[in-house]
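Visitor: I have a structure open and would like to talk it through. Can we start with the terms and then go to the residues?

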Protein chains: 2
Amino acid sequence: MPMNKKKLQSEQTKKKLADAARMLFSTKGYKGTSIEDIVAATGSSKGNIYYHFQSKEGLFQYLLEEWDREWIEQWAAKEHQFTTLKEKMYGLAEQMVVNDLNHPLTRATDEFMSSEWERSDVQENAAKFIASHIEFNRKMLQEAMDKGELAEDNVQMLAVVLESLLIGLAETSKRSASGETLELYRKALDVFLDGTVKRL
Amino acid sequence: MPMNKKKLQSEQTKKKLADAARMLFSTKGYKGTSIEDIVAATGSSKGNIYYHFQSKEGLFQYLLEEWDREWIEQWAAKEHQFTTLKEKMYGLAEQMVVNDLNHPLTRATDEFMSSEWERSDVQENAAKFIASHIEFNRKMLQEAMDKGELAEDNVQMLAVVLESLLIGLAETSKRSASGETLELYRKALDVFLDGTVKRL
DNA sequence: ATTTATACTGAACCTTCATTCAGTATTATA
DNA sequence: TATAATACTGAATGAAGGTTCAGTATAAAT
């Protein structure tokens, strides 16, 4: 799209800044990440960050929107590969883990929401992401339930349970060796589907 | 224990400060909570906080230790009531939800760990809490597995899955009506035990 | 080639916030 | 009652961090 050299450079810089910021926010949290941290990580200048983004808050919201956009896009591109709920969930796990686009920001988002509680627009915006995520789960589970894959149950509640599990996994997997992360996700989803009790 | 009026007053004040701090840390995060916030919540003075606690960091670590201590204590007092794993887990849920002593601090702890990454002592101390929590799960699950309640499986991994679920529940339940929290926990633990798929 | 717009720099600014400390009030001790 | 210890206050300090802006370089347009 950008035919001239300048726009191209500019977009690359913006991406570089966004990438660094996402990684920092996800590991150090929202308040824990300073503009100076991003400067140190990118070699760019403070002013340049404010040239590309309105503010720290704006930068974070940009990441949230980008996240949401790319998430939906990527999922749409591969969803048709899967038929059973289990396959879908494994696909979900893979998308979440492999290109860790998803939850790196969940904790920071939550922190962001409670810390920047004052602004109703911020609150509203960020809450939307959480809600849409649960809604995504709800639809997936409802569909499986309609097909008879899942036992009849309170879908909304199961969606929240699944969301909780995924958020928690994102949390704990930051502390474990990344090689085992996908394995952990799969095991967790197995448990979600099949439980842990001994069958007779 | 404190026979004189002054010590008694002092301990009450310290408790008041700790209680307010715990609530603030759990909702606003570690960095998101300022000493000024605690001042506003308690009516106490800045200096008084530093009279009772070494620093903000020290205050947080105090809360972690207190949490760990009370958690173990309370669990020990009621553990014998439960026999099956399901009962134990429901008891766990109740302890976690009703007197929300447990996880209020999990997110803040994680933020604390990654943000205060520099100090190795802090790191070490806080990591211990996470590890001991997983170890607690592991023992409980191992015991149930030995009794034949659970299917043979990778206990360590299940312990991490359970921990993830609990962390995530703590996270999401902050956003939902508190009346439904216990119900959500129970449903989540049901899922952990029995899964969600339709049985033939 | 000159002008204009875009991309970027870094020092200065200002607010927030943790921490300190000199002083005060209250209770315990002698 | 006098002295000492304890519990507290709140203004001052200094560091950290978000934001601004005047200026510079580079590319696009005329």
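Guide: First a definition: a residue counts as buried under 20% relative accessible area, as exposed over 50%, and as partly exposed in between (1.4 Å probe, protein chains only). This is a predicted model, in which local features need pLDDT of at least 70, side-chain atom pairs count only at pLDDT 80 or more, and totals for chains, interfaces and linings use all residues. Residues are numbered from 1 along each chain as its sequence is written, chains are lettered from A and ligands numbered from 1 in the order in which they are written, and side-chain values use heavy atoms, with hydrogens and water left out.

Visitor: Ok. Is A:Trp75 buried or exposed?

Guide: A:Trp75 is buried, because its relative accessibility is 5%.

Visitor: How many aromatic pairs are there over all chains?

Guide: There are 20 aromatic pairs over all chains. Rings of Phe, Tyr and Trp (its six-membered ring) pair if their centres lie within 6.5 Å; planes under 30 degrees apart are stacked, over 60 edge-to-face, and the rest tilted. A:Trp75 and A:Phe136 are one such pair, with ring centres 5.7 Å apart and planes at 80°, so the pair is edge-to-face.

Visitor: Where do A:Trp75 and A:Phe136 lie?

Guide: A:Trp75 is in helix 4 (residues 56-78) of chain A and A:Phe136 is in helix 7 (residues 120-146) of chain A, so the pair ties together parts 61 residues apart in sequence. Helices here are DSSP runs (H or I, at least four residues), numbered from the N terminus. A:Phe136 has 21% relative accessibility, so A:Phe136 counts as partly exposed.

Visitor: And chain B? What kind of pair do B:Phe60 and B:Phe112 form?

Guide: B:Phe60 and B:Phe112 form a tilted pair, 4.5 Å centre to centre with 40° between the planes. B:Phe60 is in helix 4 (residues 56-78) of chain B and B:Phe112 in helix 6 of chain B, so this pair also links distant parts of the chain, 52 residues apart. B:Phe60 is buried, with a relative accessible area of 0%, and B:Phe112 is buried with 0% as well.

Visitor: Which residues form one aromatic cluster in chain A?

Guide: A:Phe25, A:Tyr30, A:Phe60 and A:Phe112 form one aromatic cluster.

Visitor: Switching to charges. How many salt bridges are there over all chains?

Guide: The count is 20 salt bridges over all chains. A salt bridge here is a side-chain nitrogen of Lys or Arg within 4 Å of a carboxyl oxygen of Asp or Glu.

Visitor: What does B:Asp19 bridge to?

Guide: B:Asp19 forms a salt bridge with B:Lys15, with the closest N and O atoms 2.9 Å apart. B:Asp19 also forms one with B:Arg22, where the closest N and O atoms are 2.4 Å apart.

Visitor: How far along the helix are those partners?

Guide: B:Asp19 and B:Lys15 are 4 residues apart in helix 1 of chain B, so about one helical turn separates them. B:Asp19 and B:Arg22 are 3 residues apart in helix 1 of chain B, which is also about one helical turn.

Visitor: What else does B:Arg22 meet in a salt bridge?

Guide: The side chains of B:Arg22 and B:Glu66 meet in a salt bridge, 2.7 Å from N to O. B:Arg22 lies in helix 1 of chain B and B:Glu66 in helix 4 of chain B, 44 residues apart, and the pair links distant parts of the chain. Both B:Arg22 and B:Glu66 are buried.

Visitor: Now the interface. How many residues of chain B are in contact with chain A?

Guide: 40 residues of chain B are in contact with 40 residues of chain A, where contact means heavy atoms within 4.5 Å.

Visitor: What area is buried there?

Guide: About 3900 Å² is buried between chain B and chain A, and carbon and sulfur atoms give 63% of that area. Buried area is the accessible area (1.4 Å probe) that two parts lose on being put together, summed over both. B:Met157, B:Arg175 and B:Thr196 supply 15% of the area that chain B buries against chain A, more than any other three residues.

Visitor: How many salt bridges are there between chain B and chain A?

Guide: There are 2 salt bridges between chain B and chain A. B:Lys187 and A:Asp153 meet in a salt bridge through their side chains, 2.9 Å from N to O.

Methods:
Helix = DSSP H or I, 4+ residues; strand = E, 2+ residues; numbered from the N terminus.
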